[in-house]
Amino acid sequence: MSDCPGLKIILQKIDNRGYPAYRDLKGPHNFGDFQLIIDHIQGDPFASPSRIRVRIPDKISGFPGTLFGTLERKTAFEDFIARVFEGNLKKHSGGRKGSGKSGLIEIDPPGQEILRRSSAVKTPDATEVRFFIGLPARGRRIDSSAALKMLIEIIPAVVSASLYYENLDIEAIRDHIRHYEDSEYIRSKLDDAGLIAFVADGSHLPRASGIDEKPLSFDKAVSFMSPEKLKVTFHTPNSGDISGMGIPKGVTLVTGGGYHGKSTLLNAIERGIYAHIPGDGREFVITNPDAVKIRSEDGRRIESVDISPFINNLPFGGSTERFSTDNASGSTSQAANIIESVEAGAKVLLIDEDTSATNFMIRDKRMQKLISKENEPITPFIDKVRDLYEKHGISTIIIAGGCGDYIDVADIVVCMKEYRAFDVTERAREIAAADSGGRFFAEGGIFDPFISRVPDKKSINPAKGKRPVKISVKEAGKIEFGYERIDMTAIEQASGRSQLRAIGYALNYSLKYMDGRTDLSAIADRVLADIRDFGIDIISPGIRGDLESFRKEEFCAAINRLRTQGII
(Lines give C-alpha, C1' and ligand atoms only; values in the text may rest on other atoms or scores of the structure.)
Protein backbone atom coordinates (compact mmCIF):
# COMPACT_ATOMS: atom_id res chain seq x y z
CA MET A 1 0.00 0.00 0.00
CA SER A 2 1.46 3.34 -1.06
CA ASP A 3 1.40 6.57 0.90
CA CYS A 4 0.29 10.00 -0.31
CA PRO A 5 3.16 12.41 -1.24
CA GLY A 6 0.74 15.28 -1.91
CA LEU A 7 -0.65 15.07 1.62
CA LYS A 8 2.88 15.11 3.06
CA ILE A 9 3.74 18.25 1.10
CA ILE A 10 0.67 20.11 2.40
CA LEU A 11 1.39 19.13 5.99
CA GLN A 12 5.01 20.23 5.72
CA LYS A 13 3.93 23.63 4.39
CA ILE A 14 1.41 24.32 7.16
CA ASP A 15 3.47 23.02 10.11
CA ASN A 16 3.30 25.34 13.14
CA ARG A 17 0.88 27.71 11.40
CA GLY A 18 -2.43 28.73 12.96
CA TYR A 19 -4.97 25.93 13.22
CA PRO A 20 -7.26 27.25 10.42
CA ALA A 21 -4.51 26.40 7.89
CA TYR A 22 -5.59 22.76 8.25
CA ARG A 23 -8.35 23.70 5.79
CA ASP A 24 -5.79 23.17 3.03
CA LEU A 25 -6.25 19.43 3.64
CA LYS A 26 -9.93 19.43 2.73
CA GLY A 27 -10.83 17.23 -0.23
CA PRO A 28 -9.67 13.89 -1.67
CA HIS A 29 -6.17 12.40 -1.33
CA ASN A 30 -5.05 9.39 -3.33
CA PHE A 31 -3.18 6.61 -1.49
CA GLY A 32 -3.01 4.34 -4.52
CA ASP A 33 -5.13 1.47 -3.22
CA PHE A 34 -7.65 3.70 -1.50
CA GLN A 35 -8.82 7.28 -1.40
CA LEU A 36 -8.88 9.40 1.74
CA ILE A 37 -11.42 12.23 1.70
CA ILE A 38 -11.54 14.99 4.30
CA ASP A 39 -15.06 16.44 4.22
CA HIS A 40 -14.95 18.83 7.17
CA ILE A 41 -12.09 20.46 9.06
CA GLN A 42 -12.75 21.45 12.64
CA GLY A 43 -12.36 25.16 13.41
CA ASP A 44 -9.95 24.70 16.31
CA PRO A 45 -8.52 21.86 18.44
CA PHE A 46 -11.41 22.09 20.91
CA ALA A 47 -14.24 21.97 18.34
CA SER A 48 -16.08 18.87 17.16
CA PRO A 49 -13.55 16.62 15.37
CA SER A 50 -12.99 16.66 11.63
CA ARG A 51 -15.03 14.34 9.41
CA ILE A 52 -13.06 11.97 7.22
CA ARG A 53 -13.73 8.91 5.08
CA VAL A 54 -11.83 6.25 3.19
CA ARG A 55 -13.03 4.56 0.01
CA ILE A 56 -11.57 1.39 -1.44
CA PRO A 57 -12.72 -0.14 -4.76
CA ASP A 58 -14.00 -3.72 -4.80
CA LYS A 59 -11.29 -4.70 -7.29
CA ILE A 60 -8.70 -3.76 -4.62
CA SER A 61 -10.49 -4.92 -1.46
CA GLY A 62 -11.39 -8.26 -2.98
CA PHE A 63 -14.82 -8.49 -1.39
CA PRO A 64 -16.93 -10.95 -3.40
CA GLY A 65 -20.37 -9.81 -4.52
CA THR A 66 -22.02 -12.68 -2.65
CA LEU A 67 -21.43 -10.75 0.60
CA PHE A 68 -23.78 -7.93 -0.38
CA GLY A 69 -25.95 -9.24 -3.21
CA THR A 70 -29.24 -8.67 -1.32
CA LEU A 71 -30.44 -5.87 0.95
CA GLU A 72 -30.15 -8.15 3.98
CA ARG A 73 -26.59 -9.17 3.13
CA LYS A 74 -25.59 -5.59 2.35
CA THR A 75 -26.94 -4.43 5.73
CA ALA A 76 -25.06 -7.15 7.61
CA PHE A 77 -21.89 -6.58 5.57
CA GLU A 78 -21.84 -2.85 6.34
CA ASP A 79 -22.50 -3.54 10.01
CA PHE A 80 -19.64 -6.04 10.19
CA ILE A 81 -17.19 -3.67 8.48
CA ALA A 82 -18.07 -0.85 10.90
CA ARG A 83 -17.38 -3.15 13.87
CA VAL A 84 -14.08 -4.41 12.47
CA PHE A 85 -12.97 -0.87 11.65
CA GLU A 86 -13.84 0.28 15.17
CA GLY A 87 -11.81 -2.56 16.68
CA ASN A 88 -8.77 -1.78 14.55
CA LEU A 89 -8.98 1.95 15.30
CA LYS A 90 -8.78 1.14 19.01
CA LYS A 91 -5.85 -1.19 18.34
CA HIS A 92 -3.78 1.17 16.19
CA SER A 93 -4.61 4.68 17.43
CA GLY A 94 -2.42 6.09 20.14
CA GLY A 95 -5.03 8.17 21.96
CA ARG A 96 -5.26 11.89 22.43
CA LYS A 97 -2.01 13.85 22.49
CA GLY A 98 -1.76 17.62 22.48
CA SER A 99 -4.43 20.25 23.03
CA GLY A 100 -8.16 19.71 22.72
CA LYS A 101 -9.13 16.69 20.67
CA SER A 102 -5.64 16.27 19.19
CA GLY A 103 -4.93 12.67 18.23
CA LEU A 104 -8.52 11.50 18.53
CA ILE A 105 -9.51 8.89 15.92
CA GLU A 106 -12.90 7.25 16.32
CA ILE A 107 -15.84 5.83 14.42
CA ASP A 108 -19.45 6.12 15.50
CA PRO A 109 -19.66 3.06 17.78
CA PRO A 110 -22.22 0.43 16.75
CA GLY A 111 -24.42 -0.99 19.49
CA GLN A 112 -25.86 -4.46 19.97
CA GLU A 113 -28.26 -4.10 17.04
CA ILE A 114 -27.53 -4.75 13.37
CA LEU A 115 -28.76 -1.60 11.65
CA ARG A 116 -28.15 0.48 8.54
CA ARG A 117 -25.64 3.17 9.54
CA SER A 118 -23.82 5.93 7.71
CA SER A 119 -20.46 4.93 9.23
CA ALA A 120 -19.94 2.12 6.70
CA VAL A 121 -21.52 2.25 3.25
CA LYS A 122 -21.29 -0.23 0.39
CA THR A 123 -21.57 1.65 -2.89
CA PRO A 124 -22.01 -0.17 -6.24
CA ASP A 125 -18.25 -0.52 -6.76
CA ALA A 126 -16.54 0.33 -3.47
CA THR A 127 -16.66 0.18 0.32
CA GLU A 128 -16.61 3.48 2.20
CA VAL A 129 -16.00 4.02 5.91
CA ARG A 130 -16.60 7.35 7.63
CA PHE A 131 -15.04 8.38 10.92
CA PHE A 132 -13.70 11.32 12.91
CA ILE A 133 -10.23 12.66 13.70
CA GLY A 134 -8.96 15.36 16.01
CA LEU A 135 -6.25 17.04 13.94
CA PRO A 136 -3.19 17.51 16.21
CA ALA A 137 -2.17 20.85 17.65
CA ARG A 138 0.33 22.41 20.03
CA GLY A 139 -1.87 24.97 21.69
CA ARG A 140 -3.66 26.37 18.63
CA ARG A 141 -0.86 25.70 16.16
CA ILE A 142 -0.62 22.81 13.74
CA ASP A 143 1.46 19.79 14.74
CA SER A 144 2.30 18.32 11.33
CA SER A 145 4.50 15.51 12.62
CA ALA A 146 1.64 14.10 14.71
CA ALA A 147 -0.80 14.64 11.83
CA LEU A 148 1.52 12.75 9.49
CA LYS A 149 1.54 9.79 11.86
CA MET A 150 -2.25 9.77 12.00
CA LEU A 151 -2.90 10.23 8.29
CA ILE A 152 0.06 8.42 6.74
CA GLU A 153 0.66 5.59 9.23
CA ILE A 154 -2.33 4.86 11.47
CA ILE A 155 -5.18 5.24 8.99
CA PRO A 156 -3.52 3.12 6.24
CA ALA A 157 -2.81 0.43 8.84
CA VAL A 158 -6.46 0.39 9.92
CA VAL A 159 -7.60 0.30 6.28
CA SER A 160 -5.29 -2.64 5.61
CA ALA A 161 -6.59 -4.59 8.60
CA SER A 162 -10.26 -3.77 7.99
CA LEU A 163 -10.99 -3.37 4.30
CA TYR A 164 -9.07 -6.18 2.58
CA TYR A 165 -11.03 -9.41 2.31
CA GLU A 166 -7.90 -11.51 2.68
CA ASN A 167 -7.06 -9.86 6.02
CA LEU A 168 -10.45 -10.50 7.62
CA ASP A 169 -11.84 -13.50 9.46
CA ILE A 170 -13.79 -14.81 6.46
CA GLU A 171 -15.87 -17.27 8.47
CA ALA A 172 -16.82 -14.55 10.96
CA ILE A 173 -18.11 -12.22 8.26
CA ARG A 174 -20.07 -15.02 6.63
CA ASP A 175 -21.53 -16.07 10.01
CA HIS A 176 -22.54 -12.45 10.68
CA ILE A 177 -24.36 -12.27 7.36
CA ARG A 178 -25.97 -15.70 7.70
CA HIS A 179 -27.17 -14.86 11.20
CA TYR A 180 -28.78 -11.62 10.03
CA GLU A 181 -30.44 -13.40 7.10
CA ASP A 182 -31.94 -15.97 9.46
CA SER A 183 -33.26 -13.41 11.94
CA GLU A 184 -34.90 -11.39 9.17
CA TYR A 185 -36.29 -14.59 7.64
CA ILE A 186 -38.07 -15.38 10.92
CA ARG A 187 -39.33 -11.79 11.11
CA SER A 188 -40.78 -12.09 7.61
CA LYS A 189 -42.66 -15.26 8.63
CA LEU A 190 -44.19 -14.01 11.90
CA ASP A 191 -47.36 -12.60 10.37
CA ASP A 192 -48.11 -15.71 8.30
CA ALA A 193 -47.60 -17.82 11.42
CA GLY A 194 -50.12 -15.70 13.34
CA LEU A 195 -47.43 -14.42 15.69
CA ILE A 196 -46.31 -11.03 16.96
CA ALA A 197 -43.07 -12.20 18.60
CA PHE A 198 -40.74 -15.17 18.88
CA VAL A 199 -38.24 -15.97 21.66
CA ALA A 200 -35.85 -18.77 20.75
CA ASP A 201 -35.00 -21.53 23.16
CA GLY A 202 -31.54 -20.98 24.61
CA SER A 203 -31.80 -17.19 24.51
CA HIS A 204 -30.07 -15.28 27.29
CA LEU A 205 -32.32 -12.29 28.02
CA PRO A 206 -30.86 -10.47 31.08
CA ARG A 207 -28.61 -7.49 30.39
CA ALA A 208 -25.46 -6.45 32.21
CA SER A 209 -27.33 -3.55 33.82
CA GLY A 210 -30.20 -1.17 33.27
CA ILE A 211 -27.91 1.13 31.27
CA ASP A 212 -25.79 -1.50 29.52
CA GLU A 213 -27.33 -3.50 26.66
CA LYS A 214 -24.51 -6.04 26.66
CA PRO A 215 -25.54 -9.47 27.98
CA LEU A 216 -25.23 -10.54 31.58
CA SER A 217 -22.48 -13.10 31.95
CA PHE A 218 -23.85 -16.32 30.45
CA ASP A 219 -22.84 -18.33 33.52
CA LYS A 220 -25.19 -16.12 35.59
CA ALA A 221 -28.17 -16.02 33.22
CA VAL A 222 -30.89 -18.66 32.88
CA SER A 223 -31.39 -19.92 29.33
CA PHE A 224 -34.90 -19.29 28.05
CA MET A 225 -37.09 -22.30 27.28
CA SER A 226 -40.51 -22.15 25.70
CA PRO A 227 -43.60 -23.65 27.33
CA GLU A 228 -44.53 -26.70 25.28
CA LYS A 229 -47.96 -25.36 24.24
CA LEU A 230 -46.43 -22.18 22.83
CA LYS A 231 -43.47 -23.81 21.10
CA VAL A 232 -43.08 -23.15 17.38
CA THR A 233 -40.29 -23.98 14.97
CA PHE A 234 -38.91 -22.01 12.02
CA HIS A 235 -36.77 -23.66 9.38
CA THR A 236 -34.20 -20.97 8.59
CA PRO A 237 -32.07 -20.77 5.41
CA ASN A 238 -28.72 -21.08 7.21
CA SER A 239 -29.23 -22.36 10.75
CA GLY A 240 -31.82 -25.05 10.17
CA ASP A 241 -34.64 -25.49 12.67
CA ILE A 242 -34.91 -22.89 15.44
CA SER A 243 -37.56 -23.52 18.10
CA GLY A 244 -38.90 -21.25 20.78
CA MET A 245 -41.91 -19.49 22.22
CA GLY A 246 -44.29 -17.97 19.70
CA ILE A 247 -46.50 -15.21 21.06
CA PRO A 248 -49.73 -15.21 19.02
CA LYS A 249 -51.70 -12.24 17.80
CA GLY A 250 -54.27 -11.05 20.32
CA VAL A 251 -53.84 -10.16 23.98
CA THR A 252 -51.04 -11.79 25.97
CA LEU A 253 -50.67 -11.35 29.71
CA VAL A 254 -47.23 -11.98 31.23
CA THR A 255 -47.35 -12.34 34.98
CA GLY A 256 -45.34 -13.74 37.88
CA GLY A 257 -43.73 -12.65 41.11
CA GLY A 258 -41.45 -9.67 41.50
CA TYR A 259 -37.89 -10.10 40.17
CA HIS A 260 -38.77 -13.29 38.30
CA GLY A 261 -38.13 -11.94 34.80
CA LYS A 262 -41.38 -10.38 33.55
CA SER A 263 -39.89 -7.02 32.59
CA THR A 264 -36.71 -8.71 31.33
CA LEU A 265 -38.81 -10.69 28.87
CA LEU A 266 -40.71 -7.59 27.74
CA ASN A 267 -37.47 -5.62 27.34
CA ALA A 268 -36.09 -8.35 25.09
CA ILE A 269 -39.29 -8.36 23.04
CA GLU A 270 -39.30 -4.56 22.67
CA ARG A 271 -35.68 -4.66 21.44
CA GLY A 272 -36.58 -7.54 19.12
CA ILE A 273 -37.78 -5.00 16.53
CA TYR A 274 -34.09 -5.06 15.46
CA ALA A 275 -31.73 -7.93 14.76
CA HIS A 276 -28.89 -8.41 17.27
CA ILE A 277 -25.27 -9.37 16.78
CA PRO A 278 -24.05 -12.94 17.39
CA GLY A 279 -23.21 -13.38 21.06
CA ASP A 280 -25.81 -10.87 22.27
CA GLY A 281 -28.02 -13.57 23.77
CA ARG A 282 -31.12 -12.21 22.02
CA GLU A 283 -30.05 -13.23 18.51
CA PHE A 284 -33.38 -14.87 17.80
CA VAL A 285 -35.73 -12.76 19.85
CA ILE A 286 -37.76 -11.49 16.90
CA THR A 287 -40.65 -9.04 17.15
CA ASN A 288 -43.13 -7.53 14.71
CA PRO A 289 -41.29 -4.44 13.36
CA ASP A 290 -44.28 -2.23 14.21
CA ALA A 291 -44.39 -3.09 17.92
CA VAL A 292 -44.35 -0.01 20.18
CA LYS A 293 -43.61 0.23 23.90
CA ILE A 294 -46.26 2.35 25.60
CA ARG A 295 -45.81 4.05 28.95
CA SER A 296 -47.06 7.05 30.88
CA GLU A 297 -45.04 10.21 30.38
CA ASP A 298 -45.88 12.90 32.92
CA GLY A 299 -45.13 16.43 31.75
CA ARG A 300 -44.97 15.80 28.00
CA ARG A 301 -46.68 18.13 25.55
CA ILE A 302 -49.68 16.88 23.57
CA GLU A 303 -51.00 18.71 20.52
CA SER A 304 -54.47 18.11 19.05
CA VAL A 305 -54.75 14.38 19.77
CA ASP A 306 -58.14 12.65 19.98
CA ILE A 307 -57.89 10.80 23.29
CA SER A 308 -61.69 10.56 23.65
CA PRO A 309 -61.70 6.74 23.29
CA PHE A 310 -59.98 6.65 26.68
CA ILE A 311 -60.73 9.99 28.32
CA ASN A 312 -64.02 11.83 27.79
CA ASN A 313 -66.70 13.83 29.56
CA LEU A 314 -64.28 16.09 31.40
CA PRO A 315 -65.71 18.31 34.14
CA PHE A 316 -67.24 21.57 32.89
CA GLY A 317 -67.63 20.19 29.37
CA GLY A 318 -63.96 20.05 28.33
CA SER A 319 -63.42 18.27 24.99
CA THR A 320 -60.79 15.59 24.43
CA GLU A 321 -61.32 15.12 20.69
CA ARG A 322 -58.51 17.61 19.91
CA PHE A 323 -56.76 17.46 23.24
CA SER A 324 -53.75 19.70 23.85
CA THR A 325 -51.68 20.36 26.95
CA ASP A 326 -48.17 21.50 27.81
CA ASN A 327 -48.02 19.30 30.91
CA ALA A 328 -49.76 15.96 30.49
CA SER A 329 -50.72 13.75 33.41
CA GLY A 330 -49.87 10.08 33.57
CA SER A 331 -53.23 8.96 32.18
CA THR A 332 -53.56 11.59 29.44
CA SER A 333 -49.98 11.00 28.30
CA GLN A 334 -50.48 7.24 28.10
CA ALA A 335 -53.72 7.68 26.18
CA ALA A 336 -52.02 10.07 23.73
CA ASN A 337 -49.04 7.74 23.36
CA ILE A 338 -51.36 4.94 22.24
CA ILE A 339 -53.31 7.08 19.78
CA GLU A 340 -50.13 8.60 18.31
CA SER A 341 -48.51 5.16 17.98
CA VAL A 342 -51.51 3.79 16.14
CA GLU A 343 -51.42 6.87 13.90
CA ALA A 344 -47.79 5.96 13.11
CA GLY A 345 -48.74 2.39 12.17
CA ALA A 346 -48.28 0.36 15.36
CA LYS A 347 -49.48 -3.23 15.11
CA VAL A 348 -48.46 -4.33 18.61
CA LEU A 349 -48.58 -2.46 21.94
CA LEU A 350 -46.12 -3.45 24.68
CA ILE A 351 -47.15 -2.32 28.17
CA ASP A 352 -45.57 -2.82 31.59
CA GLU A 353 -47.68 -1.97 34.63
CA ASP A 354 -44.54 -0.64 36.35
CA THR A 355 -44.32 2.27 33.88
CA SER A 356 -48.05 2.83 33.43
CA ALA A 357 -50.59 5.12 35.07
CA THR A 358 -52.66 2.92 37.38
CA ASN A 359 -55.92 4.78 36.77
CA PHE A 360 -55.41 4.42 33.01
CA MET A 361 -54.85 0.66 33.20
CA ILE A 362 -57.66 -0.44 35.55
CA ARG A 363 -60.59 0.51 37.79
CA ASP A 364 -61.43 -2.38 40.08
CA LYS A 365 -64.95 -3.36 41.10
CA ARG A 366 -64.88 -1.48 44.40
CA MET A 367 -63.81 1.77 42.78
CA GLN A 368 -66.45 1.26 40.09
CA LYS A 369 -69.09 1.04 42.82
CA LEU A 370 -67.73 4.01 44.73
CA ILE A 371 -67.25 6.32 41.72
CA SER A 372 -69.91 5.96 39.05
CA LYS A 373 -69.01 5.96 35.38
CA GLU A 374 -70.75 9.31 34.94
CA ASN A 375 -68.20 10.85 37.30
CA GLU A 376 -65.12 9.12 35.89
CA PRO A 377 -63.78 10.51 32.58
CA ILE A 378 -61.29 7.66 32.11
CA THR A 379 -62.23 4.44 30.36
CA PRO A 380 -59.32 2.23 31.41
CA PHE A 381 -57.23 0.32 28.94
CA ILE A 382 -58.61 -3.02 30.15
CA ASP A 383 -61.96 -2.03 28.63
CA LYS A 384 -60.43 -1.26 25.22
CA VAL A 385 -57.70 -3.85 24.75
CA ARG A 386 -60.05 -6.44 23.17
CA ASP A 387 -61.60 -3.79 20.96
CA LEU A 388 -58.16 -2.81 19.71
CA TYR A 389 -57.47 -6.33 18.55
CA GLU A 390 -60.88 -7.54 17.40
CA LYS A 391 -61.83 -4.38 15.47
CA HIS A 392 -58.44 -2.99 14.45
CA GLY A 393 -56.02 -5.95 14.51
CA ILE A 394 -53.72 -4.34 17.09
CA SER A 395 -52.30 -6.89 19.53
CA THR A 396 -51.06 -6.21 23.05
CA ILE A 397 -48.54 -7.78 25.42
CA ILE A 398 -49.12 -6.67 29.01
CA ILE A 399 -46.86 -7.21 32.01
CA ALA A 400 -48.96 -7.35 35.18
CA GLY A 401 -48.10 -8.82 38.54
CA GLY A 402 -50.71 -7.05 40.64
CA CYS A 403 -53.88 -6.87 38.57
CA GLY A 404 -55.66 -10.17 38.04
CA ASP A 405 -58.56 -8.58 36.13
CA TYR A 406 -56.46 -8.68 32.95
CA ILE A 407 -56.91 -12.48 32.98
CA ASP A 408 -60.47 -11.84 31.77
CA VAL A 409 -59.30 -10.15 28.54
CA ALA A 410 -56.19 -12.24 27.78
CA ASP A 411 -55.95 -14.94 25.12
CA ILE A 412 -52.70 -16.29 26.56
CA VAL A 413 -51.31 -16.05 30.09
CA VAL A 414 -47.58 -16.68 30.60
CA CYS A 415 -46.09 -16.90 34.08
CA MET A 416 -42.43 -16.14 34.66
CA LYS A 417 -40.85 -18.05 37.53
CA GLU A 418 -37.11 -17.72 38.18
CA TYR A 419 -36.71 -16.46 34.59
CA ARG A 420 -38.48 -19.52 33.19
CA ALA A 421 -41.72 -19.22 31.22
CA PHE A 422 -44.82 -21.32 31.91
CA ASP A 423 -48.13 -21.34 30.05
CA VAL A 424 -50.77 -20.90 32.81
CA THR A 425 -53.66 -19.96 30.53
CA GLU A 426 -55.94 -22.83 31.59
CA ARG A 427 -55.27 -22.30 35.28
CA ALA A 428 -55.93 -18.56 34.91
CA ARG A 429 -59.27 -19.25 33.22
CA GLU A 430 -60.26 -21.62 36.00
CA ILE A 431 -59.51 -18.93 38.57
CA ALA A 432 -61.47 -16.35 36.58
CA ALA A 433 -64.47 -18.70 36.23
CA ALA A 434 -64.51 -19.41 39.96
CA ASP A 435 -64.49 -15.67 40.74
CA SER A 436 -66.96 -14.34 38.19
CA GLY A 437 -68.34 -11.55 40.37
CA GLY A 438 -65.70 -9.11 39.29
CA ARG A 439 -65.72 -5.69 37.70
CA PHE A 440 -68.05 -4.74 34.88
CA PHE A 441 -66.79 -3.45 31.55
CA ALA A 442 -67.47 0.10 30.50
CA GLU A 443 -67.92 1.78 27.16
CA GLY A 444 -65.75 4.75 26.30
CA GLY A 445 -67.16 6.08 23.07
CA ILE A 446 -66.36 5.20 19.48
CA PHE A 447 -62.78 4.00 19.06
CA ASP A 448 -61.38 5.12 15.72
CA PRO A 449 -57.59 5.21 16.03
CA PHE A 450 -56.95 5.99 12.37
CA ILE A 451 -56.64 9.70 12.92
CA SER A 452 -55.18 12.24 10.52
CA ARG A 453 -53.29 15.27 11.79
CA VAL A 454 -51.63 17.79 9.47
CA PRO A 455 -48.49 19.48 10.87
CA ASP A 456 -48.12 23.25 10.59
CA LYS A 457 -44.81 23.84 8.80
CA LYS A 458 -44.41 27.29 10.38
CA SER A 459 -44.28 25.72 13.85
CA ILE A 460 -41.14 23.67 13.09
CA ASN A 461 -37.96 25.74 12.96
CA PRO A 462 -34.45 24.18 13.07
CA ALA A 463 -32.66 27.58 13.03
CA LYS A 464 -30.59 28.87 15.93
CA GLY A 465 -29.03 32.30 15.84
CA LYS A 466 -27.30 32.82 12.53
CA ARG A 467 -27.35 29.13 11.71
CA PRO A 468 -30.35 28.10 9.55
CA VAL A 469 -30.07 24.51 10.79
CA LYS A 470 -28.72 23.55 14.24
CA ILE A 471 -29.34 19.93 15.14
CA SER A 472 -27.36 17.85 17.62
CA VAL A 473 -27.61 15.26 20.38
CA LYS A 474 -25.48 16.47 23.28
CA GLU A 475 -27.34 14.66 26.02
CA ALA A 476 -28.64 11.09 25.99
CA GLY A 477 -32.26 10.97 24.88
CA LYS A 478 -32.45 14.67 23.92
CA ILE A 479 -32.50 16.10 20.38
CA GLU A 480 -31.36 19.71 20.16
CA PHE A 481 -33.49 21.14 17.35
CA GLY A 482 -32.90 24.84 16.82
CA TYR A 483 -33.80 26.50 20.11
CA GLU A 484 -35.92 23.54 21.19
CA ARG A 485 -35.04 20.31 22.97
CA ILE A 486 -37.03 17.22 22.01
CA ASP A 487 -37.17 14.88 25.00
CA MET A 488 -37.12 11.27 23.79
CA THR A 489 -36.06 9.67 27.07
CA ALA A 490 -39.41 7.90 27.42
CA ILE A 491 -39.12 6.37 23.94
CA GLU A 492 -37.47 3.19 25.13
CA GLN A 493 -37.03 1.59 21.70
CA ALA A 494 -34.83 4.38 20.33
CA SER A 495 -31.43 2.77 19.89
CA GLY A 496 -29.15 5.68 20.83
CA ARG A 497 -27.65 9.03 19.94
CA SER A 498 -26.94 8.28 16.28
CA GLN A 499 -30.54 7.28 15.67
CA LEU A 500 -31.82 10.39 17.45
CA ARG A 501 -29.42 12.56 15.44
CA ALA A 502 -30.78 11.03 12.24
CA ILE A 503 -34.34 11.64 13.41
CA GLY A 504 -33.48 15.29 14.06
CA TYR A 505 -32.13 15.70 10.53
CA ALA A 506 -35.10 13.80 9.12
CA LEU A 507 -37.46 16.17 10.91
CA ASN A 508 -35.78 19.10 9.18
CA TYR A 509 -35.84 17.22 5.86
CA SER A 510 -39.56 16.50 6.27
CA LEU A 511 -40.36 20.22 5.97
CA LYS A 512 -40.25 19.79 2.19
CA TYR A 513 -43.36 17.62 2.42
CA MET A 514 -45.34 19.84 4.79
CA ASP A 515 -47.78 21.55 2.45
CA GLY A 516 -50.73 22.11 4.77
CA ARG A 517 -52.60 19.10 3.33
CA THR A 518 -50.40 16.05 3.92
CA ASP A 519 -50.85 14.36 7.29
CA LEU A 520 -48.08 13.32 9.64
CA SER A 521 -48.25 9.61 8.77
CA ALA A 522 -47.92 10.28 5.03
CA ILE A 523 -45.06 12.74 5.60
CA ALA A 524 -43.18 10.11 7.60
CA ASP A 525 -43.77 7.55 4.84
CA ARG A 526 -42.29 9.91 2.23
CA VAL A 527 -39.19 10.63 4.32
CA LEU A 528 -38.53 6.93 4.91
CA ALA A 529 -39.11 6.17 1.24
CA ASP A 530 -36.47 8.75 0.27
CA ILE A 531 -33.99 7.22 2.74
CA ARG A 532 -34.71 3.76 1.33
CA ASP A 533 -34.28 4.91 -2.28
CA PHE A 534 -31.39 7.38 -1.93
CA GLY A 535 -29.62 6.46 1.31
CA ILE A 536 -29.58 8.14 4.70
CA ASP A 537 -27.24 10.91 3.45
CA ILE A 538 -30.29 12.47 1.78
CA ILE A 539 -31.51 13.91 5.09
CA SER A 540 -28.26 15.59 6.21
CA PRO A 541 -26.66 18.78 4.84
CA GLY A 542 -23.33 16.99 4.34
CA ILE A 543 -21.81 13.52 4.40
CA ARG A 544 -21.75 12.27 7.97
CA GLY A 545 -20.66 9.07 9.65
CA ASP A 546 -22.89 9.31 12.71
CA LEU A 547 -26.42 8.59 11.48
CA GLU A 548 -28.44 5.44 12.04
CA SER A 549 -31.64 4.13 10.45
CA PHE A 550 -34.88 4.55 12.38
CA ARG A 551 -38.53 3.54 12.32
CA LYS A 552 -41.56 5.58 11.41
CA GLU A 553 -42.80 5.21 15.00
CA GLU A 554 -39.78 6.99 16.54
CA PHE A 555 -39.81 9.69 13.84
CA CYS A 556 -43.45 10.50 14.60
CA ALA A 557 -42.74 10.38 18.34
CA ALA A 558 -40.10 13.09 17.89
CA ILE A 559 -42.45 15.42 16.02
CA ASN A 560 -45.13 14.82 18.64
CA ARG A 561 -42.68 15.85 21.38
CA LEU A 562 -41.50 19.05 19.70
CA ARG A 563 -43.01 21.66 21.99
CA THR A 564 -43.55 24.20 19.22
CA GLN A 565 -45.40 21.74 16.99
CA GLY A 566 -48.71 23.00 15.63
CA ILE A 567 -51.50 21.05 13.97
CA ILE A 568 -53.63 22.66 11.28
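A: A residue is called exposed when its relative accessible area is over 50%, and buried when that area is under 20%. The model to which these terms are applied here is a predicted one.

Q: Why is Tyr259 called exposed?
A: The relative accessible area of Tyr259 is 84%, which is over the 50% cut-off, so Tyr259 is exposed. Tyr259 sits in the loop that runs between strand S15 (251-256) and helix H6 (262-271). Its phi is near 70°, a positive value in a residue other than glycine.

Q: What makes Glu418 count as buried or exposed?
A: Glu418 has 53% relative accessibility; this value is over 50%, and therefore Glu418 counts as exposed. Glu418 belongs to the loop between strand S23 (412-417) and strand S24 (420-423). Phi of Glu418, near 50°, is positive in a residue other than glycine.

Q: How do you know whether Phe77 is buried or exposed?
A: Phe77 shows 1% relative accessibility, a value under 20%, so Phe77 counts as buried. Phe77 is part of helix H3 (residues 71-92).

Q: Which residues are in contact with Phe77, leaving aside its neighbours within four places in sequence?
A: Contact requires heavy atoms within 4.5 Å. Phe63, Leu67, Phe68, Lys122, Thr127, Ile173 and Ile177 are in contact with Phe77 once neighbours within four places in sequence are left aside. For Ile173, 96 residues apart from Phe77 along the chain, the C-alpha separation is 7.3 Å.

Q: How many disulfides does the structure hold, and why is Cys403 in none?
A: The structure holds 0 disulfides. The cysteine sulfur nearest to that of Cys403 belongs to Cys415 and is 16 Å away, whereas a disulfide needs sulfur atoms within 2.5 Å; therefore Cys403 is in no disulfide. Likewise, Cys415 is in no disulfide, with the sulfur of Cys403 as its nearest, 16 Å away. Cys403 has 17% relative accessibility, which is under 20%, so Cys403 counts as buried.

Q: What makes the protein chain as compact as a globular protein of its length?
A: The chain has 14 helices and 27 strands. Its radius of gyration is 26 Å, close to the 24 Å that the globule rule gives for 568 residues, so the chain is as compact as a globular protein of that length. The C-alpha trace spans about 85 × 55 × 35 Å along its principal axes. Of the 568 residues, 57% count as buried.

Key. Residues numbered from 1 in each chain as written. Predicted model: local features only at pLDDT ≥ 70, side-chain atom pairs only at ≥ 80, totals over all residues. Heavy atoms only, no water. Helix = DSSP H or I, 4+ residues; strand = E, 2+ residues; numbered from the N terminus. Rg over C-alpha atoms; globule rule 2.2 N^0.38 Å. Buried < 20%, exposed > 50% of the residue type's maximum accessible area, 1.4 Å probe, protein only.
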